[in-house]
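I opened this notebook to keep track of what I looked up, one topic at a time. The entries follow the order in which I went through the model.

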Amino acid sequence: MTTPHAAAIYARISSDQTGEGLGVQRQLEDCRRLARERGWVVAEEYVDNDFSAYSGKTRPAYERMLSDVEARDRDAVIVYNFDRLTRAPIEFELFKMICAQAGLRHIASVTADIDVSTDDGMFMARVIAAVAAKESARRSERLKRKHQQLAEQGRPNGGHHRPFGYAPDRVSVVESEAQIIRELVARFLAGESMRSLATWLNEEGVAPVSGESWRTQSLRAMLMSGRIAGLREYRGQVVGEAAWPAIITPEQRRQVLARFAEKKATGRRAPRRYLLSGLLRCQRCGGRLYSNPRGDKRRYVCLNGPDHRGCGRLTITADPVEHLLAAAVRFRLDTPDLADALASRASMDERHASLVVELEADRAQLSELAGMYAARQITAEEWRTARAPITKRVEHAERQLQRASGTPAVDEWVGKGKELADRWATLPLERQALIMAAVLDHAVISPGVPGARGLDPDRVHPVWRL
Ligand SMILES: [Zn+2]
């Protein structure tokens with residue numbers, strides 16, 4: 001074997017400065033000394049600034065060294081330790097293959113005196129590489145453990161926003177906000193709704209920690225949190241007392257949770273009372289109308305409040321608009337337009353099948369990307385950039401599929417609108433609503449004249465789905 005005259009030195013900065021981990025300068029010095037001792041001439045030093053041994057990020061210097069080896073411009077490689085050279089056993093196999101193909105037989109490391117030109121030496125190097133890979137995996141496991149440990153010790157972990165009621169250190173209580181929390185809890189337990197409480201906060205000008213205004217969802221999350229009762233949670237489970245002071249007592253929190261559970265149970269039993277839920281839009285602002293009774297009068301209203309972004313300036317009485325649109329739907333079932341729509345739907349079956357295939361492929365790619373991001377093979381920025389066009393395609397395909405999909409609720413009534421009219425009143429409201437939604441995409445409601453008696457049919461503009 002001839003003495004190398006174009007050796008490569010490879011060094012990598014690692015964030016783990018314990019044990020064998022050393023600054024890059026020290027790695028380089030030791031490698032240079034080894035080259036001198038063996039009489040090897042160093043042609044180039046390759047240094048990567050990889051701060052995480054397991055990040056999976058590309059290492060430009062390493063790649064450059066490999067291509068120089070492949071081009072037979074290098075005849076030896078010196079590393080401080082084999083755990084600097086490769087991060088996974090498979091990578092080491094690849095490195096070995098490239099060296100073998102290029103006829104490079106001199107591989108030396110400072111820490112382990114291994115002669116990789118022999119089978120035994122190669123075996124040792126492979127073991128060291130495997131141990132290094134395992135250590136990298138353990139390091140990322142340690143980070144996860146750290147968060148769990150913080151939780152068990154009752155200490156706060158990071159996050160974008162401070163919790164309402166606490167200072168940015170997440171431990172000191174902001175007394176003015178704590179008083180608001182106590183009042184919210186008292187009023188909620190006395191029977192006030194989330195919606196009413198959120199409205200109160202917004203009207204009082206109480207600033208939330210994030211966002212422009214209070215929503216019932218964030219208010220609910222705050223009132224249900226263990227945090228305000230001085231309890232530390234980890235993955236939704238209370239794991240013990242927290243390091244920060246409580247704003248309400250654990251007993252109060254128990255009552256809050258009980259009341260939410262009770263509301264949920266009764267809410268589920270409430271029967272549907274509105275035929276056109278989700279089907280009406282406000283012409284003023286384009287917003288969706290919501291069922292909103294006043295007294296015993298059922299109404300659809302453009303709402304403006306904590307959870308709704310409508311203009312709040314349009315109301316329509318439920319009964320007449322429901323009668324009008326139900327009649328229109330039944331009438332439409334007998335029209336040739338609908339028969340045409342159904343026929344064109346049949347011709348869409350082929351398109352439908354290819355849409356499903358495309359959609360599946362896009363969804364698989366999205367989850368693959370998420371996996372790469374989770375494994376830190378790509379950055380958040382790369383993930384977002386790659387995701388955007390795929391997400392757009394998925395949304396588009398989903399919309400088209402929705403339009404193309406069958407409408408079993410209405411199929412049996414096509415061409416039988418008059419028959420349906422006779423039976424209409426005997427059908428359960430859920431069933432009626434399915435038929436409505438199958439035929440009607442939505443209806444736009446224009447503003448009425450104040451004080452008008454009865455419904456002006458010109459206020460109702462149906463947009464047909466079929
Ligand atoms: Zn509106």
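**Entry 1**

I began with arginine 170, which counts as buried at 15% relative accessibility, where buried means under 20% relative accessible area, exposed over 50% and partly exposed in between, with a 1.4 Å probe and protein chains only. Before going on I noted that this is a predicted model, in which local features need pLDDT of at least 70 and side-chain atom pairs count only at pLDDT 80 or more, while totals for chains, interfaces and linings use all residues. I also noted that residues are numbered from 1 along each chain as its sequence is written, and that side-chain values use heavy atoms, with hydrogens and water left out.

Arginine 170 lies in the loop between helix H5 (119-152) and H6; helices (H or I, at least four residues) and strands (E, at least two) are DSSP runs numbered from the N terminus. I looked up its backbone and found a positive phi of about 65°, although arginine 170 is not a glycine. Most residues other than glycine have a negative phi. Arginine 72 also has a positive phi, of about 60°, and is not a glycine either. I placed arginine 72 in the loop between helix H2 (60-70) and strand E3 (76-79), and at 56% relative accessibility arginine 72 counts as exposed.

**Entry 2: the whole protein**

I then looked up the totals, and the secondary structure comes to 16 helices and 14 strands. Buried residues make up 38% of the 466 residues in the protein. Its accessible surface comes to about 26200 Å², of which 52% belongs to carbon and sulfur atoms; such areas come from the Shrake-Rupley method with a 1.4 Å probe, and for residues only the protein chains shown count as cover. Among contacts (heavy atoms within 4.5 Å) between residues at least 6 apart in sequence, 64% join residues at least 24 apart.

**Entry 3: the zinc ion**

Which residues coordinate the zinc ion? I found Cys282, Cys285, Cys302 and Cys311, each through its SG atom, at 2.3 Å. Donors are N, O and S atoms within 2.8 Å of the metal (3.2 Å for Na, K and Ca), and sites may look incomplete because water is not among the atoms. Along the chain, the donors of the zinc ion follow the spacing C-x2-C-x16-C-x8-C.

I checked the angles among the 4 donor atoms, which run from 100 to 118°, and the site is tetrahedral; four donors count as tetrahedral if all angles lie between 85 and 135 degrees. The ideal angle for four tetrahedral donors is 109.5 degrees. Cysteine 302 is buried, with a relative accessible area of 1%, whereas cysteine 311 is partly exposed at 23%.

Valine 301 lies in strand E9 and is buried, with a relative accessible area of 7%. I noted that valine 301 and cysteine 311 are 10 residues apart in sequence and 9.9 Å apart in space, C-alpha to C-alpha. Leaving out residues up to four places away in sequence, valine 301 touches Arg288, Leu289, Tyr290, Asn292, Leu314 and Thr315.

**Entry 4: the cores**

A nonpolar core is a set of buried Ala, Val, Leu, Ile, Met, Phe, Trp, Tyr and Cys residues joined through side-chain atoms within 4.5 Å. The largest such core has 32 residues, and Leu276, Leu280, Leu289, Tyr300, Val321, Leu325 and Met436 touch the most other members. Strand E7 (280-282), strand E9 (299-302), helix H10 (318-332), helix H16 (429-439) and strand E13 (440-445) each supply at least two residues of this core. Apart from this core lies another, of 27 residues, among them Tyr166, Ala178, Leu197 and Val256.

I then turned to glutamine 432, which is found in helix H16 and is buried, with a relative accessible area of 9%.

**Entry 5: one face of a helix**

What are the buried residues of helix H8 (residues 216-224)? I listed Thr216, Leu219, Met222 and Leu223. Seen down the axis of H8, these buried residues fall within an arc of 125°, so they line one face of the helix; the arc is that of the directions from the helix axis to the C-beta atoms.

How values were computed. Four donors count as tetrahedral if all angles lie between 85 and 135 degrees; four count as square planar and six as octahedral if opposite donors are over 155 degrees apart and all others between 65 and 115; anything else is irregular.
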